Amino acid sequence: MQFVVASHNHDKIEELQRSFRVCNNEVIPYTDLLPKIKFPPEGNRSYEKNASDKALFISKLLPDRLVIADDSGLLLTARPEILGVRTARDLTDYPTPHQYAQHIIRLVQGKNRTFIMQTSIACAHQGKIIKVVDDTLKGQIASTERGINGEGFSRILIPRDSTKTLAQMTFNESYPYLTRARAAEKLIRFLKENRDQC
């Protein structure tokens, strides 16, 4: 299957392409088919709503395509009042992966270091949402950035049953922990099981 991703985030597009490729599917950015368009502003209600709004927005312009969009966020046990569904907006003052990773490390210094990373992927077709899938990762924030196989969150997130950050792992090692990858598998499984409805 080929999917069109509604995103302007190059790193997110690349991760989705790698994740869907594992299951022998292709992901292309919507800008391969349309001029770049400004998305509606994201809200603070839920990951599912933000992902669905983006997928629907592009699906109405490309109705015959399977359009996907995701929204992800980081929840810190020590600072539940920030980040979450507002993660990208709360980190706008820290524009580089190194800067926002350092900011997260500072936020949990001397505090509970546990986190939950959540991803929702919405899939739209013919201008309608046909499925939204979610996945979460739990673990600890590292005290320093570690690893070379990724940047930003990947260098500070240690999954619950590991001692390595995601960036210290090879792609094959990190794949079982990647929330986008696991959500992608759920979506592909649903579409294969419900092919006649899509």
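Student: Which residue forms a salt bridge with Asp135 in this model?

Tutor: Start with the general idea. Side chains of opposite charge can pair when their charged atoms come close. In this predicted model, Asp135 pairs with Lys186, and their closest N and O atoms are 3.1 Å apart.

Student: Where do Asp135 and Lys186 lie?

Tutor: Asp135 sits in strand 5, and Lys186 sits in helix 6 (residues 179-193). The two parts are 51 residues apart in sequence, so this pair ties them together.

Student: Is Asp135 buried or exposed?

Tutor: Asp135 is buried, because its relative accessible area is 9% and the cut-off for buried is under 20%. Lys186 is partly exposed, at 32%.

Student: How should I read a pair inside one helix? Take Asp53: which residue is its salt-bridge partner?

Tutor: The partner is Lys49, with the closest N and O atoms 2.8 Å apart. Look at the spacing. Asp53 and Lys49 are 4 residues apart in helix 2 (residues 47-59), so about one helical turn separates them. Asp53 is partly exposed at 28% relative accessibility. Lys49 is also partly exposed, at 31%.

Student: What about Glu81 and Arg79?

Tutor: Their side chains meet in a salt bridge, 2.6 Å from N to O. Glu81 is partly exposed, with a relative accessible area of 46%. Arg79 is partly exposed too, at 25%.

Student: How many salt bridges does a search of the whole structure find?

Tutor: The search finds 12. Some charged residues link up in a network: Lys12, Glu15, Asp70 and Arg180 are joined this way by salt bridges.

Student: Now the nonpolar side. Which residues touch the most other members of the largest nonpolar core?

Tutor: Read a core through its contacts. Here the largest one has 23 residues, and Leu76, Ile104, Ile141, Phe153 and Leu157 touch the most other members. Strand 3 (66-76), helix 4 (97-108), strand 4 (114-125) and strand 5 (128-141) each give two or more residues to this core. Helix 4 provides the largest share, 6 residues.

Student: Which residues does Phe153 touch, not counting those up to four places away in sequence?

Tutor: With those left out, Phe153 touches Leu74, Thr87, Leu91, Tyr100, Ile104 and Met117.

Student: Which residues does the second core include?

Tutor: This core is separate and has 17 residues, among them Val5, Leu16, Val27 and Ile188.

How values were computed:
Residues are numbered from 1 along each chain as its sequence is written. This is a predicted model: local features need pLDDT of at least 70, side-chain atom pairs count only at pLDDT 80 or more; totals for chains, interfaces and linings use all residues. Side-chain values use heavy atoms; hydrogens and water are left out. A nonpolar core is a set of buried Ala, Val, Leu, Ile, Met, Phe, Trp, Tyr and Cys residues joined through side-chain atoms within 4.5 Å. Buried means under 20% relative accessible area, exposed over 50%, partly exposed in between (1.4 Å probe, protein chains only). Contact means heavy atoms within 4.5 Å. A salt bridge is a side-chain nitrogen of Lys or Arg within 4 Å of a carboxyl oxygen of Asp or Glu.
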